[in-house]
Amino acid sequence: MLDVPIDTFLIPRFLFSAMPNLILWDKYSIYYYYQNFTSAGIIETNAGVKNLSILSDDSIIHDIFLDYYGNIVVKMENNIMFYFKINIRKAVKLHSWTPKTTKSLLLIGTSTQVCLAYVLDDGTVQLKEYPLDLEVKSVTHLEKDNCPYRAFHNNISHMFYFLDKGNVLSIWAQIVYPENFGLHIIMEQYGPKILEWKQSINYEIALGHCSKSLAITFSQSVNYEAVDDYHKDENMGIVLIQLRPSEYAKTCPIAQKVRMILQLCCFLFFFRFLNKECIHHDFSYVIDKSYLRDKPPKNLVRKFYNWSQYGCPLRLDSREEFQPFIQLFDDNGFIEDIQVNFILWEIHGRHDYSFTKTMKQSGCLNEAQTWKTMTELNKDVPLEDVWGPENYRTCFSYAVGKPGDLSQPYEIINSSNNNHIYWPMGHSGMYIFRVKILDPNYSFCNLMAIFAIETYGVIPSPSFYLVASILFVLMLLFFTILVLSYFQYMRVYRYYIYKPLNKPPGKQKKN
């Protein structure tokens with residue numbers, strides 16, 4: 001708790017750090033809460049003065065400037081400035097730099113350099129760089145406020161690190177300091193306890209200087225298989241990590257780098273064929289109603305093919321077996337070949353394809369999950385949500401499932417189980433498949449992709465009613481022609497019967 005005058009108001013601002021660090025200020029003083037509110041007090045100068053107005057000709061605080069590196073500059077209304085750093089409890093007065101009557105403001109330039117913006121009397125704004133580091137060294141060189149270490153380095157290069165299931169993040173930091181100072185590296189972590197880490201420390205001493213290196217590996221070892229609530233978010237969230245020296249001073253060239261490890265997915269999932277080049281053209285296709293799972297009353301007609309969504313269809317001989325090969329990509333390109341289990345289904349509801357492996361051939365000890373059993377268990381649910389990593393159950397354990405019929409097709413595919421799709425009817429057709437990752441330990445994302453296959457081979461046999469209709473029309477046409485030809489024949493026949501072919505010559509008159 002802090003004693004604050006009742007007739008004042010405070011302006012709060014969080015500092016850039018892993019642990020919640022907060023400063024507040026009124027017109028005269030600056031209050032701090034460091035290390036997750038475990039340390040509180042008022043910023044003071046080396047002389048013990050807490051009211052900064054006393055040291056700035058009764059001026060009041062105008063603004064406080066914070067940057068990414070932990071620097072904090074207090075600017076008074078008359079342009080007198082004080083300086084301290086994050087986790088530092090004493091401030092130092094900087095040299096005068098700007099006339100007291102000039103309106104100015106501190107800000108960060110495009111190159112992260114501290115700048116002063118001046119508003120001149122004619123209304124124009126002028127921007128100049130402010131050499132903060134040099135000014136701090138100029139003020140503190142007589143105070144014996146020396147930095148306790150010589151160098152502090154780490155390999156943290158990004159603001160955010162995204163960890164998915166199975167990912168590992170390794171970071172390191174090194175501090176070099178004079179012998180017998182006894183410094184070490186502190187790792188501060190803030191957020192949910194969702195990550196495990198292992199650390200190792202290496203220590204060296206040479207020529208009066210010590211070097212300590214800290215290597216840390218972050219990972220997660222949660223097994224999501226067969227859990228009761230797969231979507232429970234207790235293993236996801238934002239974790240803030242900060243590596244810092246155990247001691248530092250205002251003159252230390254420290255970088256208060258904080259990294260956020262987001263325990264969520266950030267991947268885009270693409271399906272890619274090797275022969276992906278093709279010529280786009282408009283065409284339609286018809287799926288016979290007997291090939292559809294829901295047995296509709298009419299054939300399904302698709303008037304156009306969506307090239308932008310489905311991509312180039314892969315043309316396959318209907319006698320050829322096929323196993324999808326899928327890869328994971330993000331915005332930066334290829335990540336890895338996917339080796340885990342996945343499932344697929346035809347989006348139009350076709351079921352005129354099957355799988356080469358049976359459950360028994362795949363090594364199942366109990367009956368495996370199938371699209372038929374999963375749709376029966378999850379009625380009135382969209383097909384893409386019927387089966388997935390959240391309700392996947394392995395068939396390779398006696399404790400899960402029941403023996404059942406192991407001669408059924410095994411509808412789960414991965415890169416090593418040699419399970420393929422095949423077309424038992426061997427006819428030509430257009431198939432639009434959606435593929436979905438099934439392994440519950442692979443990713444927090446619901447990874448799905450879509451692709452098309454066009455089979456060629458035997459022309460699809462027409463339906464019985466169509467054949468019967470065509471035959472009836474042909475027979476009707478035949479008998480109609482036959483009857484018409486009969487009447488035409490009879491007309492010609494009668495004409496020549498009743499009319500002689502050669503008219504007899506008439507009798508000649510005698511003179």
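Mentor: A salt bridge is a side-chain nitrogen of Lys or Arg within 4 Å of a carboxyl oxygen of Asp or Glu. This is a predicted model, in which local features need pLDDT of at least 70 and side-chain atom pairs count only at pLDDT 80 or more, while totals for chains, interfaces and linings use all residues. Residues are numbered from 1 along each chain as its sequence is written, and side-chain values use heavy atoms, with hydrogens and water left out.

Trainee: Why is the pair K100 and D57 called a salt bridge?

Mentor: Their closest N and O atoms are 2.6 Å apart. The limit is 4 Å, so the pair qualifies. K100 sits in the loop between strand 9 (90-93) and strand 10 (103-108), and D57 in the loop between strand 5 (44-45) and strand 6 (61-66), so the pair ties together parts 43 residues apart in sequence. Strands here are DSSP E runs of at least two residues, and helices are H or I runs of at least four, numbered from the N terminus.

Trainee: How many salt bridges does the structure hold?

Mentor: Six. Among them is E454 with R315, at 3.6 Å from N to O. That pair links distant parts of the chain: E454 is in strand 31 (residues 448-456), R315 in strand 24 (residues 314-317), 139 residues apart. R350 and D352 also meet in a salt bridge, at 2.8 Å.

Trainee: What makes D57 exposed?

Mentor: Its relative accessible area is 51%. Exposed means over 50%, buried under 20%, and partly exposed in between (1.4 Å probe, protein chains only). So D57 is exposed. R350 and D352 are both buried.

Trainee: Why is K250 called buried?

Mentor: K250 has a relative accessible area of 7%, so it falls on the buried side. K250 lies in the loop between strand 19 (238-245) and strand 20 (258-262). Beyond its neighbours within four places in sequence, K250 is in contact (heavy atoms within 4.5 Å) with residues including Y83, F84, V136 and D145.

Trainee: Why is V286 called exposed?

Mentor: V286 has 55%, so it passes the limit. V286 is part of strand 22 (residues 285-287). Away from its sequence neighbours within four places, V286 is in contact with N299, L300 and V301.

Trainee: Why is V467 called partly exposed?

Mentor: Its relative accessibility is 33%, so V467 lies in the middle class. V467 belongs to helix 5 (residues 464-498). With L466, I470, L471 and L474, V467 makes a nonpolar surface patch of about 430 Å².

Trainee: What makes strand 3 and strand 4 a pair?

Mentor: Strand 3 (residues 30-34) and strand 4 are joined by four bridges and run antiparallel. Pairing needs at least two DSSP bridges, so they qualify. In strand 3, Y31 has I42 of strand 4 as its bridge partner.

Trainee: In what order do the four strands of the open sheet come?

Mentor: The order is 1-2-3-4, with antiparallel pairing. Strand 1 (11-14) and strand 4 (39-42) are the edge strands, since each pairs on one side only.

Definitions and conventions. Patches are made of residues with over 30% relative accessible area and no salt bridge: like charges are joined within 9 Å, nonpolar side chains (Val, Leu, Ile, Met, Phe, Trp, Tyr) within 5 Å. Accessible areas come from the Shrake-Rupley method with a 1.4 Å probe; for residues, only the protein chains shown count as cover.
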